[in-house]
Number of protein chains: 2
Amino acid sequence: MKKKWLFTPGPTPIPPETLLAMAQPIDYHRSESTVALIKDVLQKLKHVFQTENDVLFLTSSGTGGMEGAVANLLSRGDKVIVIQSGKFGERWADICTVFDVEVIPIDVTWGNAVEPQAVETLLTEHPDIKAVFATLCETSTGVLHDIEALARLTRVRPTLLVVDAVSGLGADDLQMDNWAVDVVVSCTQKGLMTPPGLAVVALNQRAWDAVERSDLPKYYFDFRKAYESGLDGSVPYTPAVTLLTALQCALDRICEEGIRNTINRHNHLATATRSAVKALGLSLFATSPANTVTAIRLPEEVDGKAFINLMLDEYGITYAGGQSQLSGKIVRIAHLGWMNENDVIVAISAFERGLMEIGCAVPIGAGVTAAQEVFHTFKY
Amino acid sequence: MKKKWLFTPGPTPIPPETLLAMAQPIDYHRSESTVALIKDVLQKLKHVFQTENDVLFLTSSGTGGMEGAVANLLSRGDKVIVIQSGKFGERWADICTVFDVEVIPIDVTWGNAVEPQAVETLLTEHPDIKAVFATLCETSTGVLHDIEALARLTRVRPTLLVVDAVSGLGADDLQMDNWAVDVVVSCTQKGLMTPPGLAVVALNQRAWDAVERSDLPKYYFDFRKAYESGLDGSVPYTPAVTLLTALQCALDRICEEGIRNTINRHNHLATATRSAVKALGLSLFATSPANTVTAIRLPEEVDGKAFINLMLDEYGITYAGGQSQLSGKIVRIAHLGWMNENDVIVAISAFERGLMEIGCAVPIGAGVTAAQEVFHTFKY
């Protein structure tokens, strides 16, 4: 009786009513009902982005939204700061380089968050910096960056703050309007509890002004076309209608819960997970851990890849391993999207048993007990 | 008891077993089973492309595949021929222009196919032409272009033939290897009976050689990255896993039928539809009509938009209207993907009744009778 549990930081589990909504006969993308669907989805996304700005969507992975941000905001030879603290920060730099944008990197040790002071120093040294590219939750390390602090630096300067909130949106707080974040990029298969295939992007007026000045080539990811057509629920190219239907289900859930509650729930689950990790005598990889995913440093004697395989084969549990330089060294357990206390208990209890089975002695039961104490003591 | 019927040239109806396959719990994109799924899909696509070349996929609409073809094959200032005979031919030119590629257009009257002689003349005048951009079925007019004839011109020259087979693949014949077509771009929501959200592209060795020389910026649509990761079933970015599952179902059906039979079936359905149109005293818009979709010129007294709306409201039937300059002037009935004789009979019978209802006298029953005669007389 093997049951599968998915604890990867994307794709995240899809609620069954969403799965079944996708099993409806497909509709024409220019029908009245699809037009209404698109308008509804774009309206509800504003609540999740905590913004009054319009949101646009693209049929692509989140990386398509990231490429779009670079190609639509900048011009050849522009100078930008990229905060690199993991695989996804590096992706911003890779995209900028492809488009002949000059990157001034801030290299942060993996597992750490950027010091806002380091960004401020660079911004002062280079007043011609057009944008700062940051990451809300660096999925590869589980680190949460202090986007509010970065926004305090950019909003008083003619410098845009562009945030990859691919994994973090809906799990870690990101108050686009209150903090004055200029551009937020995310996608569907994380906190939005929808299969992968749609990127979602919001821009404020400063960002749209930059779009007007941009000379980089873009066609499919042209934000103006996506935005303008979205206003009347139309689309420039055939969109992933099925995924829009799914996204509407997810947004209905989040709007019903309320985004502040959604974020608090994620914080609650993350707090319990971190507490469990410590109770097991293990350590967190991230110095400032995100609500999205918990990265756990494995004891040196544990072969991380073997552990991930064991968990899947014996327990039906999918955790994520480490990427790039962290391969085999960490385990990442997501508490993201369609998750509550019961899922976290499953994730932790299986983790305990798996570690014992692979020969890493941990105080069995200590993890779930610690999580229980958090769940019992705190309400959200 | 209204039943809905979708006769648009994309999205096309999805078989119920595919809809239900998408309702399975989602899997991690780096799991063994997803890796196997990706490999299987890419292998089976070769059969549909009638090629031994490897096929790659992108999470995007078909237009993303078109942009990828331009960005991966060419360099700034390259000169290309674009055959413009409708909305989708024009799209090739728009993309090339965005990327600073010089376009020599061949403007073909909408409804007509390109004369290969016109292409040959230009190729001789401009021996430095890097590529010819063509369209298999121009969806906006229902025209089939003679790709085999174009390939005869390009295969003896150092000029690539790049074909938009977005709507035509699997319906109109395109023998990539036999004809020596260099690049074929398509996507899922047409002949492949899968929801929109994936583009599929095949390149031959000449095209890959051009990719090596290309200096245009590309990141998300980088064909080499997509191709190399596809070899071992991995992916550079989170793909639309759900749509890959659906695509596998569709490919199983097509491989079982056999691509030659699939194309013959589409030809059979198209022949019957054209015969019905003529029997009703109406005329085809395309001089060389495709198997994919039949574009019908409406009598001047018929308001095309009102007719499309009537068909949807009263009959539950979605046809496609005309686009751009053809808005209100034509009706397009697709016989594409998951369709057989019964669907065509429904499409034609409703068409007859709808025309009568909107005040356009046609010999009622003549259309379905003509279709029946085709179905009864010819086997495929």
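Two strands count as paired here if DSSP finds at least two bridges between them. In this predicted model, β11(A) meets that mark with strand β12 (residues 293–297) of chain A: 2 bridges join the two, which run antiparallel. Within this pairing, L284(A) sits across from I296(A) of β12(A).

The pair belongs to an open sheet of 4 strands in chain A, laid out in the order β11-β12-β15-β14 with antiparallel pairing. At the edges are β11 (283–284) and β14 (320–321) of chain A, each pairing on one side only. Helix α11 (residues 259–279) of chain A packs on this sheet, where it touches β11, β12 and β15 (330–334) of chain A. The direction of helix α11 makes about 10° with that of β12(A).

With 16 other C-beta atoms within 10 Å, L310(A) comes out as partly exposed, because a buried residue would need 20 or more and an exposed one 12 or fewer. Neighbours within four places in sequence aside, L310(A) is in contact with G354(A), E357(A) and I358(A). As for V41(A), it lies 269 residues from L310(A) in sequence and 40 Å away in space, C-alpha to C-alpha.

Then there is the contact between the chains, to which chain A gives 42 residues and chain B gives 42 residues. On the chain A side, α1 (16–21), α3 (62–73), α4 (87–98) and α10 (241–257) each supply at least two of the residues that touch chain B. Sorted by class, that side of chain A has 24 nonpolar, 14 polar and 4 charged residues.

Methods: Residues numbered from 1 in each chain as written. Chains lettered and ligands numbered in written order. Predicted model: local features only at pLDDT ≥ 70, side-chain atom pairs only at ≥ 80, totals over all residues. Contact = placed C-beta atoms within 7 Å. Nonpolar A, V, L, I, M, F, W, Y, C, P; charged D, E, K, R; others polar. Axes fitted to C-alpha atoms, helices over the stretch in contact; angles between N-to-C directions.
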